[in-house]
Every structure is written in C-alpha cells, then in structure tokens.
Amino acid sequence: MGEQSGVSRRSMLRGAAIAGVGLAATAGVAEADTAAAPAARGKSMIGVPFEGVANPRFGIIGLGNRGGGMLPLLLAVPGAKVTALCDIRPEFAQAAAKVVTDAGQPAPAVYTNGDEDFRNLVERDDVDFVYVATPWEWHTPMALAAMRAGKHVGVECPIGLTLKDLWDLVDTSERTRRHCIQLENCCYGQNEMRALRMAHEGLFGELLHGSGAYLHDLRELLFSKTYYEDQWRRKFHTTTNGDLYPTHGLGPVAAYMDLNRGDRFVRMTSMSTPALGLAEYRAANMPPGDPTWQEDYANGDVTMSLIQTARGRVIHIVHGVSNPHPYSRLNHLAGTKGVFEDYPPRIYLEPAQSNDEWGSFDAYADHDHWLWTDVGPGPGGHGGMDYIMLWRLVQTLQLGLPPDIDVYDSAAWNAPYPLSVLSVKGKSKSVEFPDFTRGRWKTPHPGTDSEKPA
C-alpha cells in the first residue's frame with residue numbers, strides 16, 4: 001500500500017477503526033442495552049468436546065511480536081502442525097514460514113495480500129484451528145470469519161472490545177458449533193495453577209475475595225516506531241477511558257472461584273485516575289514536531305474496578321501501563337482459612353501459620369497441577385505458561401476433550417473492558433454484567449483445573 005504525507009492507508013483505516021471502537025464502547029444506553037441476552041440461535045457450547053484429531057493443523061494470523069514468538073513453541077508441541085500463515089507484512093510471513101520448515105514440517109501456505117487475505121486462510125481444508133495474534137480491532141472479525149468457515153479459533157487478548165462483539169462471538173460459536181477460546185496464558189502459570197488446585201481442595205476455606213491486575217510499564221513500547229505496527233496500541237489510549245486489558249488478572253481469579261461453574265459476575269463499578277503518564281513521557285522523550293504531539297490521551301493512567309459475583313464474592317481488578325511500576329498481576333486470593341498473594345509469592349494459611357507472618361509458597365509445591373509436574377515449562381515463553389497453554393490446547397484437540405476455557409469464559413473475562421468504560425463515564429455507576437451462558441452458569445463442566453486424562 002502506498003503512503004501519503006507520511007501516513008499509510010493502513011494506519012488511517014486502523015485509526016478510524018479504533019475511533020469507532022471507542023465510540024461504541026462509550027455509547028451509553030445503546031451499548032448497555034446489549035447486556036441483555038439476545039435470543040439463542042444455537043445450542044450451548046458448555047462442555048462440548050473437540051472432535052479429536054491426532055495431528056491438529058493450525059493456521060496463524062499475525063506473525064509479529066506475539067504470533068512470531070508463539071510459533072516455535074507451538075511447533076515444539078508433539079503432534080501440532082502449522083499449515084498456513086498470514087500477515088500483512090510479507091517479510092514477517094516468509095520468516096515464519098522458514099521457522100516451520102526448519103522444524104521439519106512442510107512449507108505452509110502463506111497469505112500476505114492485504115488486510116483481508118486472512119479470509120482465504122480460514123477457508124482452507126487443511127486448517128483445523130485458527131490462531132489470531134493481530135492488533136485488537138481485528139480480533140473479533142477474524143474469530144467470526146474462522147468460525148463461519150467451520151474452524152475452531154483461539155484469540156490473543158482481548159477477544160472482543162464491545163458487548164456486541166462478545167455476544168456475536170457467543171452466538172456464532174453456538175450456531176456454528178465451533179469453539180472460540182481466549183488464549184489466556186496467565187491461567188497456566190505455575191503459581192496460578194498451584195493456587196487453583198489449593199483453592200479447589202478447600203485449603204483457603206470458603207472463598208471471599210481476590211485481585212488481579214495488568215500493571216506493566218509500557219511507555220517505551222507504546223511510543224516505539226517499530227514495536228507495534230503503525231503504533232496501533234497507543235491509539236486506544238486516545239479514545240477510551242477504562243480497563244483496556246482485564247483478562248491477565250481476571251482469568252486466574254475467575255478460575256479460582258469457578259465462575260460460570262456455580263458462580264457468575266453480576267455487577268461492576270470502575271474509577272480511573274487522570275491521564276498524565278503518556279503526556280509526561282512524550283514531553284521527556286519525543287522530539288518537537290513528532291506526530292505524537294497531535295494526540296490527546298483519554299485513558300486514565302490507572303483504572304480500578306470492583307466486581308461482585310452472584311455468591312457475594314468481590315474481585316478487584318486494576319489496569320495501569322502508563323507509569324513506572326514493576327510488572328505485577330497482583331494474583332491475590334483470600335478465604336475464611338487464609339490468603340495467597342503473588343509478586344513475590346507468599347501465603348498465610350491456618351493452622352500452618354498462626355503468628356501473623358507470611359509462609360513460603362514453595363512449601364506447597366506438592367499441590368502443583370499435573371501440567372507442571374508432568375509436562376513442565378518446555379521451551380518456555382513467560383516462564384513456561386505459554387508452552388503449557390499450547391500443549392494443553394493441542395492435547396484437548398487430540399483427545400477430543402472440551403477446551404479448558406470456552407466462549408462463555410472468554411466473553412465474561414473480556415466484558416470488563418466495555419463495562420469499565422460505561423462505569424467510568426457514568427461517574428462510577430454500577431453496571432450489570434451480561435450472563436453469556438443464558439442461565440447455565442451453575443452447570444458443572446471442565447475448566448483450567450483439569451483432570452489428567454487416562
């Protein structure tokens with residue numbers, strides 16, 4: 001695509017798309033009305049297994065920082081095949097194709113003919129599962145296209161940006177009988193899975209509250225000219241005031257509390273701080289005349305939200321990427337018998353602790369999930385959670401098991417994005433959570449605390 005005045009057509013289209021997302025997410029009553037469940041057009045996907053295929057074939061859309069990084073991990077999973085690749089940058093796709101052939105697999109089909117060429121990938125007969133790792137505004141359209149083409153699909157965070165997006169994904173999954181999965185790697189971390197097992201074994205007693213966050217200083221990356229294609233991620237900070245990235249912190253806590261398996265989110269309230277950090281960083285680091293000086297930042301530096309569940313539990317989630325802060329996802333869980341906190345990991349459980357001093361989380365290593373004791377971190381990726389997530393996905397595809405994270409989990413974990421925007425705009429008003437299960441949230445079914453297959 002050609003460029004005019006230093007601005008690419010793709011950049012202009014992306015800016016318009018993100019602006020549209022921002023308007024949709026702040027459309028007040030019109031957006032809030034979609035919290036009500038639309039009429040079901042298919043049967044529930046709760047507990048529905050994959051078909052079972054010995055060598056699941058993957059098509060990957062988006063081969064930048066995330067997609068390109070996950071490709072060698074996927075190729076390391078026994079039985080996984082990569083048959084098709086797509087990226088708007090031919091050099092990225094060709095480099096990824098070489099990674100596939102260097103791993104001893106046949107050359108994959110490559111799609112690089114513009115923004116819509118992914119539609120040709122999803123139609124291929126030799127693709128069983130589509131992996132989406134593109135800028136956020138493309139996630140829902142690509143997932144919908146994959147399911148409509150008869151493919152299961154997994155999407156990097158976030159899976160959708162508006163309540164309408166999330167309902168469209170649920171409806172399409174039910175109608176097409178294809179799974180749509182939030183690829184939430186943080187649910188597969190060793191600490192998260194150990195705490196999950198301990199919670200389900202009753203060591204924390206009755207669960208009361210938890211916390212999750214995405215606290216990650218992204219200022220340098222947000223202003224990088226090369227890290228995010230067309231600097232797409234910073235654009236969201238110019239249009240939207242709310243929690244832009246809830247699932248890393250919320251997904252593990254939702255798993256601890258068996259959300260959609262006996263409990264559900266019912267209401268939420270959010271507050272945002274002033275938006276100061278990105279402007280201060282720009283003043284200190286960007287030269288006069290840089291295009292970023294034309295931007296106004298809308299997203300508060302920190303958004304804090306409280307979610308209450310049907311059983312009365314409370315979850316605290318936080319988003320902050322615009323200020324100095326060591327990386328943290330909080331990862332906190334408390335019940336009537338004790339509490340776990342991460343960063344650094346520590347625990348206080350009765351009767352093991354009784355002196356108001358934290359105990360070592362290492363002392364509970366015998367509660368590690370079987371994925372960590374039997375499979376382990378493999379070639380890595382965020383300490384091994386990336387590989388574990390991919391390994392388990394391939395296993396469920398091979399053995400014909402239900403996915404650990406289904407479309408209802410995926411929609412619920414992403415709903416705080418648009419709901420936080422509505423709450424902040426309404427001066428921290430309480431907003432109701434949609435029930436994406438349409439009343440089936442008490443139905444027992446597998447989750448990330450999976451049993452080891454025979």
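**Figure 1. Domain assignment of the protein chain in the predicted model.** The assignment gives domain 1 as residues 57-183, while domain 2 consists of two segments, 188-369 and 405-432. Taken over C-alpha atoms, the centres of domain 1 and domain 2 are separated by 26 Å.

**Figure 2. Contact between domain 1 and domain 2.** On the domain 1 side, 21 residues are in contact with domain 2, which contributes 20 residues of its own. The size of an interface is often expressed as the accessible area that is lost when the parts come together. Between domain 1 and domain 2, the buried area amounts to about 1900 Å². Carbon and sulfur atoms give 70% of this buried area.

**Figure 3. The salt bridge between Arg-89 and Glu-229.** One salt bridge is counted between domain 1 and domain 2. In the pair formed by Arg-89 and Glu-229, the closest N and O atoms lie 3.5 Å apart. This distance meets the salt-bridge criterion because the cut-off between a side-chain nitrogen of Arg and a carboxyl oxygen of Glu is 4 Å. Six residue pairs in polar contact, with both residues at pLDDT 80 or more, are also counted between domain 1 and domain 2.

**Figure 4. The side of domain 1 that touches domain 2.** Helix H7 (163-176) and strand E8 (180-182) each supply at least two residues of this side. The largest share comes from H7, with six residues. By residue class, the side of domain 1 that touches domain 2 comprises 13 nonpolar, five polar and three charged residues.

Technical notes. Residues numbered from 1 in each chain as written. Heavy atoms only, no water. Domains from an automatic or database assignment. Contact = heavy atoms within 4.5 Å. Buried area = accessible area lost by both parts, 1.4 Å probe. Polar contact = N/O pair within 3.5 Å; in protein donor to acceptor, adjacent residues only side chain to side chain. Helix = DSSP H or I, 4+ residues; strand = E, 2+ residues; numbered from the N terminus. Nonpolar A, V, L, I, M, F, W, Y, C, P; charged D, E, K, R; others polar.
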